[in-house]
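Morning, everyone. Let's walk through one protein chain together, a few residues first and the whole chain last. Please have the display open.

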Amino acid sequence: MKTTLLGDNIKYDLKASLVVFLVALPLCLGIAVASGAPPMSGLIAGIIGGIVVGSLSGSHVSVSGPAAGLTVIVLDAISTLGTFELFLAAVVAAGIIQLILGYLKAGVLGYYFPNSVIKGMLTAIGLILILKQIPHALGWDKDQMGDMAFNQMDNQNTFSEIWYAIQYFSPGAIPIVLIALALILFFERPKIKNHRILGLVPGALWAVISGILINQLYGIIKPEWKLSGEHLVSIPEVESISGLGKLVTFPDFGLVGTPDFWVVAVTIAIIASIETLLSLEAGDKMDPYKRISPASRELLAQGTGNTISGLIGGLPVTAVIVRTTANVGSGAKTKLSAVMHGVLLLVLVVGIANILNLIPLSCLAAVLFVVGFKLAKPKIFINEFQKGKNQFIPFLVTVVAILFTDLLTGIGIGIVVGVFFVIKTNYQKSVLVTELNGRYLVKLQKDVSFLNKAPLMRQLRQIPNGSAVILNASKAKFIDHDIHELLNDFIATSSDRDISVEVEGFNYKIKETL
């Protein structure tokens, strides 16, 4: 595949950037409001995440911006520090910490997350997107689009919000979402998507245009159905790029010498880095060309982005799954799409904010429905189930935990369960005990660590008195000191049980260490 930003790749990247822009726009605004921050701070973070982080990142498909996973942390941090300006200073400090982590090559930690947890995270986010968009599709827009947690900011939860939406739906929203969905699915068909003319404009844009036109038509033929106020996108309007200065907030470093300041800064840096590394790994798995992104370089890019975002009034940025999924699903080839989505946020928010504010949230819900379904297809559950319980259980636990808590808590639970099964699998494969006619072979394979001590001890105790035992370590590359001691103790007491022991393949005479 060509990896230049010219030639054949441009048409794919520009189409993808437009879809990512349509997905990012309501999320940037919603996350800012849910975080207790000015709406413009979310847009600034989206612009920085696209242009700055997108340019510096080594990832071809990952997209950065304000993250739903940080919503509660940001809300608490602003409350702890007292003002939004003091919080911005902490974002700058968090960016500098990420730069240090990047230079220390800390990104390598991202390669140690279990695959089952990564896939569980992707699937859970897909399900959450679908569930969270149902109220918007029905015209019940009390909760912000960026709120991804189970317990919502409006004192409802994901399922109670759907129940209220069913009871108090807006009739005008339903035709809009259905027509928008039909258009998106029509333009997703391979023959249409790859058509020389019809494939030039993505279905998501046709969906948005149809939503605006239908809602305006309501005003003429059925005014009581017309959507307004909270049912529409709401962007702060500016007359020119120079007018952005009025909406930019600058940081206040007045608390830089206090413990609270650094607790917030370190918390943001660590959580943002973890979410970035998880999203980066997930993005690489979705990349059809299976390119591997340099993780430490990503921390440098995110650190630069957060430093700049904090300096000009933006929320913290991370690599984010929803926009990355939209990017990959729309056919992006290179990181130009991520950069261009940031440019679109900057130019269109300034140039045509009055038109963007006509977009019904119900038609944007249709776009996110499709993104969510791509992440949570039923086939994914079947594939994970077929891999066996050691993969399926951590996957399913991660999905359920994220659905009923929030992204970070759910991932934490998933990692704990995933690590448990990794350890369980490891010591099942590291020690093999077989029996033939009263002769036992205890074979140590590859690396045998202290984690294998308990099961090995149990298996040695189960060997009957009067048996013949062979301890074989010919395939073991590493044997922990605790295992050596356990085997020495077994040999030392073997005569008491009338067990004969033969030693093979150890790189020292094990009996001589008694």
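Start at S494. S494 lies in helix α20. A helix here is a DSSP run of H or I with at least four residues, a strand is a run of E with at least two, and both are numbered from the N terminus. This is a predicted model, where local features need pLDDT of at least 70, side-chain atom pairs count only at pLDDT 80 or more, and totals for chains, interfaces and linings use all residues. Residues are numbered from 1 along each chain as its sequence is written, and side-chain values use heavy atoms, with hydrogens and water left out.

Is S494 buried or exposed? S494 counts as buried, because its relative accessibility is 7%. The cut-offs are these: buried is under 20% relative accessible area, exposed is over 50%, and partly exposed is in between, with a 1.4 Å probe and protein chains only.

What does S494 touch, leaving out residues up to four places away in sequence? The partners are I499 and V501. Contact means heavy atoms within 4.5 Å.

Now step along to D498. D498 sits in the loop between α20 (481–494) and β6 (500–504). D498 counts as exposed, because its relative accessibility is 58%. Look at its backbone too. Phi of D498 is near 60°, a positive value in a residue other than glycine. Most residues other than glycine have a negative phi.

K290 also has a positive phi, near 50°, and K290 is not a glycine. Where is K290? Find the loop between α10 (259–286) and α11 (295–311). K290 counts as exposed, because its relative accessibility is 53%.

Next, G172. G172 belongs to the loop between α6 (158–167) and α7. At 1% relative accessibility, G172 counts as buried. Leave aside its neighbours within four places in sequence, and G172 is in contact with Y218 and W225.

Follow that contact to W225. W225 is in the loop between α9 (203–221) and α10. Its relative accessibility is 27%, so W225 counts as partly exposed. Skip residues up to four places away, and W225 touches P171, G172, P175, N215 and Y218. Now compare W225 with N155. They are 70 residues apart in sequence, and their C-alpha atoms are 28 Å apart in space.

Back to G172, this time with S362. The two are 190 residues apart along the chain, yet their C-alpha atoms are separated by 9.4 Å. S362 lies in helix α15. S362 counts as buried, because its relative accessibility is 2%. Which residues does S362 touch, not counting those up to four places away in sequence? They are H136, A137, A173, I176, V177 and L227.

That leads to a helix pair. Two packed helices are described by the angle between their axes and the distance between the axes. Helix α7 (residues 173–188) packs on helix α15 (residues 361–375) at an angle of about 45°, with axes 8 Å apart. So α7 is oblique to α15. Axes are lines fitted to C-alpha atoms, for helices over the stretch in contact, and angles run from 0 to 180 degrees between N-to-C directions. Under 35 degrees is roughly parallel, over 145 is roughly antiparallel, 65 to 115 is roughly perpendicular, and the rest is oblique.

Which residues make the contact? From α7 come A173, I176, V177, A180, L181, I184 and E188. From α15 come S362, C363, A366, V367, F369, V370 and K374. By class, that is 11 nonpolar, 1 polar and 2 charged residues. Nonpolar means Ala, Val, Leu, Ile, Met, Phe, Trp, Tyr, Cys and Pro; charged means Asp, Glu, Lys and Arg; the others, Gly among them, are polar.

Here is another pair. Helix α16 (residues 378–386) and helix α17 (residues 389–404) pack at about 140°, with their axes 6 Å apart. So α16 is oblique to α17. I380, F381, E384 and F385 in α16 meet Q391, F392, F395 and L396 in α17. The classes there are 6 nonpolar, 1 polar and 1 charged.

Last, zoom out. The protein chain has 20 helices and 6 strands. Its C-alpha trace spans about 95 × 55 × 50 Å along the principal axes. Of its 514 residues, 54% count as buried. Among contacts with a separation of 6 or more, 79% come from residues 24 or more positions apart.
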